[in-house]
Every structure is written in C-alpha cells, then in structure tokens.
Amino acid sequence: MQPRNMSMSGVVDLAAVKAAGEAKAKAEHARAEAARQGGGGAVAPSSLVIDVDEAGFEGDVLQRSAEVPVVIDFWAEWCEPCKQLSPLLERLAAEYNGRFVLAKIDVDANQMLMQQFGIQGIPAVFAVVAGQALPLFQGAAPEAQIRQTLDQLIQVAEQRFGLTGIAVDAEAEGEPAGAAAPAPAGPYDAALAAAVQALDAGDFGGAVQAYKNVLSDDPGNTEAKLGLAQAELLRRVQGMDPQQVRKEAADDPADVSAQVRAADLDLVGGHVEDAFGRLVETVRRTAGEDRDTARLRLLELFEVVGAEDPRVTAARSALARVLF
C-alpha cells in the first residue's frame, strides 16, 4: 500500500502535503501537547463516524489525518451496494475503537470532492493519512478483505507516520472534557459560510454574490476566488440538457458556444482532461473573438480545479503550444 499525494484546490488543498518524517514529528508533538495539557483527548464513540462535505473537508479530514487515519466512504442514496458497504464500515469503525475515523461523503452533494479524488464509480473507499491520500478499494468487498485492508492501513499509519489512533471514552457524550473553545470568527467567515449554505441549497446566484461581496473587500481571498469559480460553473450548467448540449457539440465542432457548454458539463461530471482537451482543441481551431472565448473559459476552469493540479499544468502547456 503506497500513499500518493493528491493535488487539491481551495477547501480540498493537498498540495502542501508534508513529508512522512515531518508528519510523524507533527503527530508526536500533538500527542505530547495533549498530554502536557492533562487530557488524553478521548472522544465519544459517535465521533468515529462523521458526515463530511466540501466546506468541512480540510478540518474534518486533512487536519484530523495528522492524528488518526481517516477512511473515506464515497456513497450516494441511490447506490444499492453502498447500502451494504456503509453499515459494515460503520460497524468496523466502532469495533476498531479509534484506530481509524470513518468520513462519509455523499457524492451527489459534493461533486467537487468526487472530481478531485477521480472517483469513477461508487462505492469507493479512500484513506487520508498525515495529509496523504491512499486509494483502498472500489465497489462492495467481502468483510474479510476489508479487514485485511484496514489492518494494512493501520500498520502503514503507525510505522511510517507514528499514528496510533485516538482514545475513545465509551462514557463520553458530545465534546470531550477540556476541549478548546472555538476560535473567534474571522472577518469573512460569516460571508463565506453564507456562500456555502447557498451552494448547498442550490442557490448558485446567491453563492456567486456572496463570494463577490468578500472579494470586493479582499480581492486576494483565495477561498472566495475558488468558491466563486465553482459557483459560477454550477450556475452555468444549471438547467442544461446534457444530451442536447453534447449533441450540439458533436454535430458542429466549429460552434464555440457549444464546445464551451460541453466543457462545463465535462468538468462538473469529473471528466477534467476531456474538458481541458476540448477547449485546447477549440482554441487551436479558432481565431479572434472565438479563440478568446474558448481561452478565457479554459482559464476559468483552471481556477475551479486549482493551479497545483497536474492536469492543469499539462493543459497550460498544451494551451501554450497552440497559442504560440
């Protein structure tokens, strides 16, 4: 089982993943600090299984993975195999008693996370250990095989990163004793939270405006920039007939508007390379205003995926070749 770094953007930022030795030192420091403050940091059993969305991914998964392996269950309500696998993973999380935490991600509500992890089908199970993502398995699997995979994950986490899990207090309810008070809200936290709530509610226009409000005061706010790019993309594809859009693009490769719309659908569907390739080819075939339209949309889609993603790097190189 070999970990691989995954380049994410915005709330899914794995580009700054630490090396194994640094991660191990950080984990050891966190445990020593908890001990110094006189607490074992024990959590309630209910904390071993959590629902995670895009807004909470950094704190619930990335930061937590410096203390304990986080197993991610990508699922959806309509997925029949998920209905068998998810309860099994929840039972195992309780049985392993703090050796790992199970994060459940609904792919219908968190398509950007599905895209960033390259999920092609569900159920799909990943792990994040000290900020490093490891694909575990896809599809329903026998319990014996899942246990073997989890045992191997725990061994890797302990031997390579010094993560021995978290203490569980069967009597605990809610927040563990001695938990730190929440940090005070930053100047834009409320506005950013409102934008996320608007996205979750399908109010993409409201989300766009909320992000623009932040950027009007703080043009360099990276979270708002990423959120705005995502919200504008989702607003553009809202109400599209995917079959009709793809037919128009296939019937007339010279129709720049059709190619741009199809690229938006490609990206939302997780087909990142297809979206980029379609627009690079459109730039190559066109000139003048049409070329600018395709080029600018490609740059907007780069913002959605994130500059550190290798697919963006490759597409930038391809774009440079057709432009110059």
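Good morning. By salt bridge I mean a side-chain nitrogen of Lys or Arg within 4 Å of a carboxyl oxygen of Asp or Glu. Both residues belong to helix α12 and sit three residues apart, about one turn of the helix. Helices here are DSSP runs of H or I with at least four residues, strands are runs of E with at least two, and both are numbered from the N terminus. Asp292 is partly exposed, at 36% relative accessibility, and Arg295 is likewise partly exposed, at 24%. On this scale, buried means under 20% relative accessible area, exposed means over 50%, and partly exposed lies in between, with a 1.4 Å probe and protein chains only.

Before going on, a word on the source. This is a predicted model, in which local features need pLDDT of at least 70 and side-chain atom pairs count only at pLDDT 80 or more, while totals for chains, interfaces and linings use all residues. Residues are numbered from 1 along each chain as its sequence is written, and side-chain values use heavy atoms, with hydrogens and water left out.

The pLDDT is the predictor's confidence in each residue, from 0 to 100. Its mean over the protein is 81, and 82% of the residues reach 70 or more. Confidence is highest in strand β3, residues 101–106, at a mean of 95, and lowest in helix α1, residues 20–36, at 52. Residues 1–21 have pLDDT below 50, although this stretch makes 59 contacts in the model beyond near neighbours in sequence; a contact means heavy atoms within 4.5 Å. Residues 174–181 are also below 50, with two such contacts. Where pLDDT is low, the predicted coordinates should not be read in detail.

In outline, the protein has 13 helices and five strands. Of its 324 residues, 44% count as buried.

I return to the salt bridges, of which a search of the whole structure finds 18. Which residue does Arg297 pair with? Its partner is Asp264, with 2.9 Å between the closest N and O atoms. This pair links distant parts of the chain, Arg297 being in helix α12 and Asp264 in helix α10 (residues 256–268), 33 residues apart. Both Arg297 and Asp264 are buried. Another salt bridge joins the side chains of Arg236 and Glu300, at 3.6 Å from N to O. Because Arg236 lies in helix α8 (residues 222–237) and Glu300 in helix α12 (residues 288–305), this pair ties together parts that are 64 residues apart in sequence. Elsewhere, Arg91, Glu95, Glu143 and Arg147 are linked in a network of salt bridges.

The side chain of Glu54 instead reaches backbone nitrogens: that of Gln111 at 3.4 Å, and that of Met112 at 2.9 Å.

Next, strand β4, residues 124–129. Six of its six residues are buried. In a regular strand the side chains alternate between the two faces of the sheet. Both faces of β4 are covered, with Ala124, Phe126 and Val128 buried on one side and Val125, Ala127 and Val129 buried on the other. Strand β2 (residues 70–75) runs antiparallel to β4 and is joined to it by five bridges; two strands pair if DSSP finds at least two bridges between them. Val70 has Val128 as its bridge partner in β4. β4 also pairs with β5 (residues 132–138), in the antiparallel sense over six bridges, and there Phe126 is partnered by Pro135. These two strands form a hairpin with two residues between them, and Ala130 in the turn has a positive phi of about 50 degrees. Ala130 is buried, at 9% relative accessibility.

Finally, two prolines. Pro123, in the loop between α4 (111–116) and β4, is joined to Ile122 by a cis peptide bond with omega about 0 degrees. Pro69 sits in the loop between α2 and β2 and is buried, with a relative accessible area of 1%. Beyond four places in sequence, Pro69 has contacts that include Val128 and Val129. Thank you.

Technical notes. A polar contact is a pair of N or O atoms within 3.5 Å; within protein, one must be able to donate a hydrogen and the other to accept it, and residues adjacent in sequence count only if both atoms are side-chain atoms.
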